[in-house]
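Hi,

Here's the structure I promised to pass on. Have a look at it first, and then read my notes below.

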Amino acid sequence: MVRTLLILSILYFISLNILKANNLALPCAGCHSTDGNSPGKTIPSIKNLEKNYFIQAFKEYKDGTRDHYIMKIIANGYSDKEIQLLADYYENKK
């Protein structure tokens, strides 16, 4: 019984992170498309982007090292934990 409750708790928290990542990715969809695979040439695809690269790039938009007005505004709205969730989400996007 305890083992079943533990497994259900773990599955519940995993599903919350997946749902949270889906919600966190909503602003990305406007430019990068819903799956992160940008249709145009001027906007980079973020689908299957390596996690560490995604995190580094996002933080560079946030601190102003990378210069893009819209991305700076968007990046400033995310915590480090949320950026990691997004990086996981897009790295493993099928």
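Arg66 places its charged end over the ring of Tyr61, 5.6 Å from the ring centre; for that I ask for NZ of Lys or CZ of Arg within 6 Å of the centre and within 35 degrees of the ring normal. Keep in mind that this is a predicted model, where local features need pLDDT of at least 70 and side-chain atom pairs count only at pLDDT 80 or more, while totals for chains, interfaces and linings use all residues. Residues are numbered from 1 along each chain as its sequence is written, and side-chain values use heavy atoms, with hydrogens and water left out.

Now the aromatics. There are 4 aromatic pairs (Phe, Tyr or Trp rings, the six-membered one for Trp, with centres within 6.5 Å; planes under 30 degrees apart are stacked, over 60 edge-to-face, the rest tilted). Phe54 and Phe58 are stacked, because their centres are 5.5 Å apart and their planes at 15°. Both sit in helix α3 (residues 51-63), 4 residues apart, or about one turn of the helix; helices here are DSSP runs of H or I, at least four residues, numbered from the N terminus. Phe58 also pairs edge-to-face with Tyr78, at 5.4 Å between centres and 85° between planes. Phe58 and Tyr78 are both buried, as is Phe54 (buried is under 20% relative accessible area, exposed over 50%, partly exposed in between, with a 1.4 Å probe and protein chains only). Ring pairs link Phe54, Phe58, Tyr78, Tyr89 and Tyr90 into a cluster.

One more residue: Ile73, in helix α4 (residues 69-75), counts as partly exposed because its relative accessibility is 48%.

Cheers

Definitions and conventions:
Helices (H or I, at least four residues) and strands (E, at least two) are DSSP runs, numbered from the N terminus.
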